[in-house]
Amino acid sequence: TYTSFATGALAGVGYWVTAFPQDTIKSIIQTDHAGKYRGMWHCGTELVKEHGWKRLYRGFSLGIYRGIPGAACTFTTHALVFK
């Protein structure tokens, strides 16, 4: 069970490291009432040009604090149900 929990936590980290930039871009486009961005690629390149790569990971620590326990519990529950 501890192995499942740790594996789920690591999977959560791996997921959020790769998915967080897309989630950030999605959120910015959803709140872009002025129509500044033409799409995900345009929004991402403009954010990096204006603010650097770190802008794509703003709020990452809060997301990871929420995501790790959720992924760990989900993975562990899945493993226990199928055991």
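Which residues in H1 meet which residues in H2?

Modeller: The model is a predicted one. On the H1 side, the residues concerned are Gln 22, Ile 25, Lys 26, Ile 28 and Ile 29; on the H2 side, they are Met 40, Cys 43, Gly 44 and Leu 47. By class, this contact of H1 with H2 has six nonpolar, two polar and one charged residues.

Two packed helices are described by the angle between their axes and the distance between the axes. Here the axes of H1 and H2 come within 10 Å and cross at roughly 105°. H1 is therefore roughly perpendicular to H2, since angles of 65 to 115 degrees count as such.

The largest nonpolar core has seven residues: Ile 25, Ile 28, Tyr 37, Cys 43, Leu 47, Val 48 and Leu 56. Helix H1 (2-30) and helix H2 (40-51) are the elements that give two or more residues to this core, and H2 supplies the largest share, three residues. In soluble globular proteins, nonpolar side chains tend to be buried together.

Apart from neighbours within four places in sequence, Leu 47 is in contact with Ile 25, Ile 28, Tyr 37, Gly 52, Arg 55 and Leu 56.

Cys 43, also in the core, has 0% relative accessibility and therefore counts as buried. Cys 73, by contrast, has a relative accessible area of 41%, so Cys 73 is partly exposed. A search of the whole structure finds zero disulfides.

Terms used. Residues numbered from 1 in each chain as written. Predicted model: local features only at pLDDT ≥ 70, side-chain atom pairs only at ≥ 80, totals over all residues. Heavy atoms only, no water. Core = buried A, V, L, I, M, F, W, Y, C linked by side-chain atoms within 4.5 Å. Buried < 20%, exposed > 50% of the residue type's maximum accessible area, 1.4 Å probe, protein only. Helix = DSSP H or I, 4+ residues; strand = E, 2+ residues; numbered from the N terminus. Contact = heavy atoms within 4.5 Å. Axes fitted to C-alpha atoms, helices over the stretch in contact; angles between N-to-C directions. Parallel < 35°, antiparallel > 145°, perpendicular 65-115°, else oblique. Nonpolar A, V, L, I, M, F, W, Y, C, P; charged D, E, K, R; others polar. Disulfide = S-S within 2.5 Å.
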